[in-house]
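Here is a short tour to follow with the model open beside you. We will go from strands to helices and then to the packing between them.

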Amino acid sequence: MQSTALALMACENANMNKPVLHGSVPIYDAVIFCDLGLEPPWVMQQVEFTRRACEAVGIPFYVLDTPLYRDFMENFGERRTISVPWWTLKEDGHKSKMPRNCTIDYKIEAISKFVRWELLGYRKGQRLRPEDVKAHEMHMGFSAEEKQRCKENPNRLFVNRFPLVETGLTRADNYKYILEEWGLDTKASACAFCPFHRNYFFQYIKEHEPKTYAAVIGMDNLLRDKNPKPPMDSDLFISRSRKRIADLTPEDCADAECFEYCGRQVWNGF
């Protein structure tokens, strides 16, 4: 939702040929989406809408194939896989969470490599040119209530910027902007198996997106039936309730995360 808002604000600025409507948002040199392989259907619909809007004003739009879902399904239990922040539970009742490396490896690093090799034309083994050190801005769609997520980029190419945080725009503000200015009803973009989803998300896709739900169940069963490499002494779960998705009750799923828009509660997609 928030990244869509940034891209569409840039499109408006490009229509004016200079950033006058949304001063903290430039006319981007590239808008990049990482396809991790199992997003809810609405995500790809939003991607296609944004792609068309960018192409209409000459902003390059790229979709990178970063197959987290495929890699995990093929390799989990057979060899080491990327650390996804699964919820953990030991036999003694101890609860914890796995480290979150998926965003870094399958999004941020993938984008960094694409910019370096494909957009800036670096060759393998070539050192970073002095004029490129911290010379490129990577804008991220974090909204005002996510300001605690704003961190510096360790990559020597980039300086991170968070225009929505800088201007105080919340998730609700972005939803309102996209819907009222562009006619697009948006939801959050995240992998369908993201452990940060509320349980309501799984109920929703069970009722409305059965193919996506079946794929999530398949991954949940994989976590149940196989032990990671190296082995762990904890069970791993997608659901924050530390239950198998298929075992979630209606009471478990009464946790939808919403915001107010025009006097009604709108589910944010998580």
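Trp87 has Phe237 in S7 as its bridge partner. This is a predicted model, in which local features need pLDDT of at least 70 and side-chain atom pairs count only at pLDDT 80 or more, while totals for chains, interfaces and linings use all residues. Residues are numbered from 1 along each chain as its sequence is written, and side-chain values use heavy atoms, with hydrogens and water left out.

Strand S7 (residues 234-237) runs antiparallel to S3, and four bridges join them. On this page, strands (E, at least two residues) and helices (H or I, at least four) are DSSP runs numbered from the N terminus, and two strands pair if DSSP finds at least two bridges between them. S3 also pairs with strand S4 (residues 95-97), again in the antiparallel sense, over three bridges. Here Leu89 stands opposite Lys95 in S4. The two strands form a hairpin with four residues between them, and Gly93 in the turn has a positive phi of about 95°.

Put together, the strands make an open sheet of three with the order S4-S3-S7 and antiparallel pairing. S4 and S7 stand at the edges with a single partner strand each, so one side of each is left without a neighbour in the sheet. From one strand to the next, the twist averages 30°.

## A second hairpin

Strands S8 (residues 258-261) and S9 (residues 264-267) run antiparallel and are joined by four bridges. Phe259 stands opposite Val266 in S9. S8 and S9 form a hairpin with two residues between them, where Cys262 in the turn has a positive phi of about 50°.

## Helices H7 and H8

Now look at helix H7 (residues 199-208) and helix H8 (residues 210-225), whose axes come within 6 Å and cross at roughly 130°. Axes are lines fitted to C-alpha atoms, for helices over the stretch in contact, and angles run from 0 to 180 degrees between N-to-C directions. H7 and H8 are therefore oblique to each other; angles under 35 degrees count as roughly parallel, over 145 as roughly antiparallel, 65 to 115 as roughly perpendicular and the rest as oblique.

Phe202, Ile205, Lys206 and His208 in H7 meet Pro210, Thr212, Tyr213 and Val216 in H8. Leu222 also has its place in H8 and counts as buried at 12% relative accessibility. Leaving aside neighbours within four places in sequence, Leu222 is in contact with Phe72, Met73 and Phe76.

## The nonpolar core

Which residues touch the most other members of the largest nonpolar core? They are Trp86, Phe193 and Ile238, in a core of 78 residues. Such a core is a set of buried Ala, Val, Leu, Ile, Met, Phe, Trp, Tyr and Cys residues joined through side-chain atoms within 4.5 Å. Helix H1 (residues 2-16) gives the most to this core, with eight residues.

Leaving aside neighbours within four places in sequence, the contacts of Trp86 include Phe72, Phe193, Met219, Leu223 and Ile238.

Technical notes. Contact = heavy atoms within 4.5 Å. Buried < 20%, exposed > 50% of the residue type's maximum accessible area, 1.4 Å probe, protein only.
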